[in-house]
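Good morning, everyone, and thank you for making time for this. Please have a look at the sequence and the structure while I bring them up, and then I will walk through them with you.

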Amino acid sequence: GRWHNGTDKWPHINQLIKEKKIGVLALQETHLTKEDEDVLNTTPGFRIHIISSIDPARTNTKGVAIVINKRLLGTSGIKMHELVPGRALLTIIPWHKNTPIRILAIYAPNDALANQQFWELTKLKLRNLLKPDLMLGDFNVVEDSLDRLPPKTDSANASHSLHQLKSHLQMKDGWRHENLSALSYTFSQSTYQGGSQS
């Protein structure tokens, strides 16, 4: 959500984007209403522009957003397609010499069946749109047990549905392609939570 331990996290995100010179950032679990988005986009001193999607039926869960650094990119002409509210957001951003970049921000469900169905629905929703150039976010599934510690195979049906979408979009896991056998994890649970990493 917007708040963490009673503190608004968006000033920190604004500062991080500025200091690290991040052009585009994809976020999950944002819980941003359109009113929140409008307030943040007009906050004096902020150099970010936010495009978000929330599930209107469950505003306290889910939520994806694309955050754009206004110092590096223009914000006029941005288009968005909310494929799955709160879960899949396709943003088309004017890029270099009026060539757009299409970014698909993802926050997939944890449940294996819901995860499988999410990938199938996302593929269906993309059918009549230009393919995204990038797909990133929290997929809540790994295609290779190598990407989990301890190694564990996720639902074959969910992994297959993700693979089908990637094939349809002619995409590959860029990190895994460049690091065929490397082990590096971006998420880890505490020992209390089970201690796994992915």
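The secondary structure of this protein, which we see here as a predicted model, comes to five helices and nine strands. If we start at the N terminus and read along, the elements follow the order β-β-α-β-α-β-β-β-β-β-α-β-α-α. The protein has 198 residues, and buried residues make up 37% of them. If we take the contacts between residues at least 6 apart in sequence, 57% of these join residues at least 24 apart.

Let me turn to one residue in a strand, namely S52, which has its place in strand β4, the stretch made up of residues 48-53. Is S52 buried or exposed? Its relative accessible area is 1%, and because anything under 20% counts as buried, S52 is a buried residue.

What does the side chain of S52 meet? There is a polar contact of 2.4 Å between the side chains of S52 and E37.

Now I would like to move to a pair of helices. In general, two packed helices are described by the angle between their axes and the distance between the axes. Here the pair is helix α3, residues 112-126, and helix α4, residues 156-169, whose axes come within 8 Å and cross at roughly 15°. Because angles under 35 degrees count as roughly parallel, α3 and α4 are roughly parallel to each other, and their crossing is left-handed.

Which residues bring these two helices together? From α3 we have A112, N115, Q116, W119, E120, T122, K123 and L126, and these meet N157, A158, S161, L162, Q164, L165, H168 and L169 from α4.

With a relative accessibility of 46%, H160 counts as partly exposed. Although H160 and W119 are 41 residues apart along the chain, their C-alpha atoms are separated by 9.3 Å, and W119 is one of the α3 residues that take part in the contact with α4.

Notes:
Residues numbered from 1 in each chain as written. Predicted model: local features only at pLDDT ≥ 70, side-chain atom pairs only at ≥ 80, totals over all residues. Heavy atoms only, no water. Helix = DSSP H or I, 4+ residues; strand = E, 2+ residues; numbered from the N terminus. Buried < 20%, exposed > 50% of the residue type's maximum accessible area, 1.4 Å probe, protein only. Polar contact = N/O pair within 3.5 Å; in protein donor to acceptor, adjacent residues only side chain to side chain. Axes fitted to C-alpha atoms, helices over the stretch in contact; angles between N-to-C directions. Parallel < 35°, antiparallel > 145°, perpendicular 65-115°, else oblique. Left-handed = near helix turned anticlockwise from the far one by under 90°. Contact = heavy atoms within 4.5 Å.
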